[in-house]
Amino acid sequence: MSPDDRLLGVRPFRVADDGRTLHLLDQRALPTEERWLELREIEPLAQAIETLAVRGAPAIACVAALGLAIAARGWGDDPIALRRQVSAALDRLAHTRPTAVNLFVALRELADALASLPADADAGQIRARLREVADQHVARELASCLAMAEHGAPLLPDAGGVLTHCNTGALATAGVGTALGVIRRAHALGKRIRVFADETRPVLQGARLTAWELHRDGIPVEVIADNMAGFLMARGEVQAAIVGADRIAANGDVANKIGTYTVAVLCHHHRIPFYVAAPWTTIDPAIAAGAAIPIEERDHLEIHVHGGRRMTPLGVGARNPAFDVTPAALITGYVTERGVFDAEGLRRAIAGGAAR
Ligand code: MRU
């Protein structure tokens, strides 16, 4: 594997050469099996997003955009019917996962592209434009990850432990990753970093996916149960923490995978820098503060059943918020493709209309 391939990491989706099929690495089967789904229609695509076959804010957006452009190939040559089908598909995809704003950015780009085509555009022109917009979205997300990796790598220690939560790697993006991209780049620069991957209950994106990605690419990683982070911090084994984001409010509050807030509080207590890496598409200037970010509540079976076995007594309830909100005051720095900001700087950039 060349250094460039190692920085890019695995590519979790690709479009077949004839443009009619979306190949998707099924992340539910990792790390034991590398299984690829073949998607051509909207409903299986929507279900793949809902059931976490693909997950991670930027990857969801890329796959939704590409999948819609591909599905549109099968919707006939009547431009009026085609526009109607595209609108229905946009609506279905908007109801898959509510928290990550990137999905809504990509869907808005497709809707705007459709609206700005001349009224007499034929079906071929509509399809070509949708595919063009989807490709542009994917290319932009990949470029953002490469830029974030460059901006963020100098923040990490030359040697020591770096804790991360959930999976923010190539699997969660169009390649490279956000927080994990920063770690990849730091490793490529020769920094002797040991990654602590929180297992990330209940779906185990850290244990299954982050560990798989980093091990595959030769970056030292150890998995820890989520409740071990404080102990390792108290022992001086963690020099920095870096995570991704699903939505950043205008005041800098960050929604990310459940458990992120706990890590931030622990870092604050132990005076360990806590960084968030996210592309500008993850910023939602329309949401003033984190409390207004919609938080997905997932199926309670994810809590009750583990490894195919019931872990809780029948009749006992559970809670399963998939994300939490970390207040801006706990965040040392935001790594974006436009550079690194503190909370005040980010707020100013957002208020200055620099969003998207
Ligand atoms: O539920 P998931 O697996 O989609 O949650 C993913 C996360 O919380 C990531 O940290 C976030 O999407 C950033 S990924 C680059």
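Biologist: Pro 202 sits in the loop that runs from β5 (192-198) to α8 (205-216). What makes the peptide bond from Arg 201 to Pro 202 cis?

Modeller: Omega of that bond is near 5 degrees. This is a predicted model, in which local features need pLDDT of at least 70 and side-chain atom pairs count only at pLDDT 80 or more, while totals for chains, interfaces and linings use all residues. Residues are numbered from 1 along each chain as its sequence is written, and side-chain values use heavy atoms, with hydrogens and water left out.

Biologist: Which bond joins Leu 30 and Pro 31, and where is Pro 31?

Modeller: Leu 30 and Pro 31 are joined by a cis peptide bond with omega of about 10 degrees. Pro 31 belongs to the loop between β2 (22-25) and β3 (36-39).

Biologist: Why is Cys 166 listed for its phi?

Modeller: Phi of Cys 166 is near 65 degrees, a positive value, and the residue is not glycine. Most residues other than glycine have a negative phi, and most peptide bonds are trans. Cys 166 is in the loop between β4 (159-164) and α7 (179-188).

Biologist: How many helices and strands does the chain have, and what makes a run count?

Modeller: There are 12 helices and 16 strands.

Biologist: What area is buried between domain 1 and domain 2?

Modeller: About 3200 Å², with carbon and sulfur atoms giving 58%. Buried area is the accessible area (1.4 Å probe) lost by two parts on being put together, summed over both. In domain 1, Leu 7, Thr 99 and Cys 145 lose the most area to domain 2, together 20% of what that side buries.

Biologist: Why is the pair of Glu 296 and Arg 97 called a salt bridge?

Modeller: The term asks for a side-chain nitrogen of Lys or Arg within 4 Å of a carboxyl oxygen of Asp or Glu. The side chains of Glu 296 and Arg 97 are 2.8 Å apart, N to O, so the pair qualifies. The count between domain 1 and domain 2 is one salt bridge.

Key. Helix = DSSP H or I, 4+ residues; strand = E, 2+ residues; numbered from the N terminus.
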